[in-house]
Amino acid sequence: MGAADFLLSPTVQHILQLVLAEPARQFAAADFAKLCKLDLPQVEETLTHLLGNGVLARGEAREGQPETVAANTAFVFYPELRRIALKSFAAAEPLRAMLQSKFRASVQRAFLLGEDAETGALNLLLVYAEVAPEREALDQALRKLLKSGALRQHVQADVVPARRFEALRRGDVLHARLAADGCIDISPTAPKKSRAVPAPSMGFLQRARQRLGGFGP
């Protein structure tokens, strides 16, 4: 279960993920059904609910074209919805799962530093302890998230060594971004250390044979 599941149904999360990633874009019900792989009647019912509560706004009507909707940026809880989405289903959860499965051995800490005001891309900071994650593998994993629909916004990832991260001081630009309210810690769980397998206990006869074996010629 995702962190937002108790607040928002899966269908609402899918729709919000799209409209919040591109607030100015107009979507028809069929767009949501296709992009989110949902049944059209389910989408239409959910859109009616979101329109009725002011979460979405109707697009400009065009003759012969299906009705469209977009994010209602004037909605009183619009900023909170964006934060909830980024902290859970729209960014933090898919990115953390990707880091956990593919880069847990190299990435020590990970932070979402917010969104680029011009491009809308997510700013991701990765901190590695010893060996940096391979850039090609990281870019490929991020492209896969976008292609699957688990992520709807492009990601600009910066990778820094732990020694630089630990040396940050007040006044550093990066320190200020990490201390900002919009920063989200999405660090993967550290890999568990494998436990040494204990040697099987020896019985009395085995110990006796081992000792006697030491008295050979």
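Mentor: The expected span of a helix is 1.5 Å times one less than its number of residues. Helices here are DSSP runs of H or I with at least four residues, strands are DSSP runs of E with at least two, and both are numbered from the N terminus. This is a predicted model: local features need pLDDT of at least 70, side-chain atom pairs count only at pLDDT 80 or more, and totals for chains, interfaces and linings use all residues. Residues are numbered from 1 along each chain as its sequence is written, and side-chain values use heavy atoms, with hydrogens and water left out.

Trainee: How far does helix H6 reach from its first C-alpha to its last?

Mentor: H6 covers residues 135-148, which is 14 residues. At 1.5 Å a residue you'd expect 20 Å, and the model comes close to that, reaching 20 Å.

Trainee: Which residues of H6 are buried?

Mentor: Buried means under 20% relative accessible area, exposed over 50%, and partly exposed in between (1.4 Å probe, protein chains only). Turned away from the buried side of H6 are the exposed Glu 136, Gln 140, Arg 143, Lys 144 and Lys 147. The buried residues of H6 are Leu 138, Ala 141, Leu 142 and Leu 145.

Trainee: Why do the buried residues of H6 line one face of the helix?

Mentor: An α-helix has 3.6 residues a turn, so residues three or four places apart point the same way. The arc is taken over the directions from the helix axis to the C-beta atoms. Seen down the axis of H6, the buried residues line one face because they fall within an arc of 95 degrees.

Trainee: What covers the buried residues of H6?

Mentor: Here contact means heavy atoms within 4.5 Å. The cover includes helix H5 (92-102), strand E5 (122-128) and strand E6 (155-161).

Trainee: How many of the residues of E5 are buried?

Mentor: In a regular strand the side chains alternate between the two faces of the sheet. In E5, Leu 122, Leu 124, Leu 126 and Tyr 128 point one way, Asn 123, Leu 125 and Val 127 the other, and all are buried. E5 is mostly covered, and its buried count is seven of seven.

Trainee: Is the pairing of E5 with E6 parallel or antiparallel?

Mentor: Two strands pair if DSSP finds at least two bridges between them. With strand E4 (residues 107-115), E5 runs antiparallel over six bridges, and there Arg 109 stands opposite Val 127. On the E6 side, Tyr 128 stands opposite Pro 161, and the seven bridges run in a sense that is parallel.

Trainee: Which residue takes a positive phi in the hairpin of E4 and E5?

Mentor: That hairpin has six residues between the strands. The residue with a positive phi, near 80 degrees, is Gly 120.

Trainee: On to helix H3. Which residues of H3 are buried?

Mentor: H3 spans residues 40-52, and its end C-alpha atoms are 18 Å apart, in agreement with the 18 Å its 13 residues should span. The face turned away from them carries the exposed Pro 41, Glu 45, Thr 48 and Gly 52. The buried set is Val 43, Thr 46, Leu 47, Leu 50 and Leu 51.

Trainee: At what angle does H3 run to strand E2?

Mentor: Axes are lines fitted to C-alpha atoms, for helices over the stretch in contact, and angles run from 0 to 180 degrees between N-to-C directions. H3 lies across E2 and E3, and its angle to E2 is about 95 degrees.

Trainee: In what order do the three strands of the open sheet sit?

Mentor: The pairing is antiparallel, with three bridges joining E2 to E3. The edge strands are E1 (27-28) and E2, each pairing on one side only. The order is E1-E3-E2.

Trainee: Where does Lys 37 lie?

Mentor: Most residues other than glycine have a negative phi, and most peptide bonds are trans. Lys 37 isn't a glycine, yet its phi is positive, about 55 degrees. At 69% relative accessibility it counts as exposed. Lys 37 lies in the loop between H2 and H3.

Trainee: What is the mean pLDDT of the chain?

Mentor: pLDDT is the predictor's confidence in each residue, from 0 to 100. Residues 211-217 stay under 50, with zero contacts beyond four places in sequence. Where pLDDT is low, the predicted coordinates should not be read in detail. Over the chain, 87% of residues reach 70 or more, and the mean is 88.
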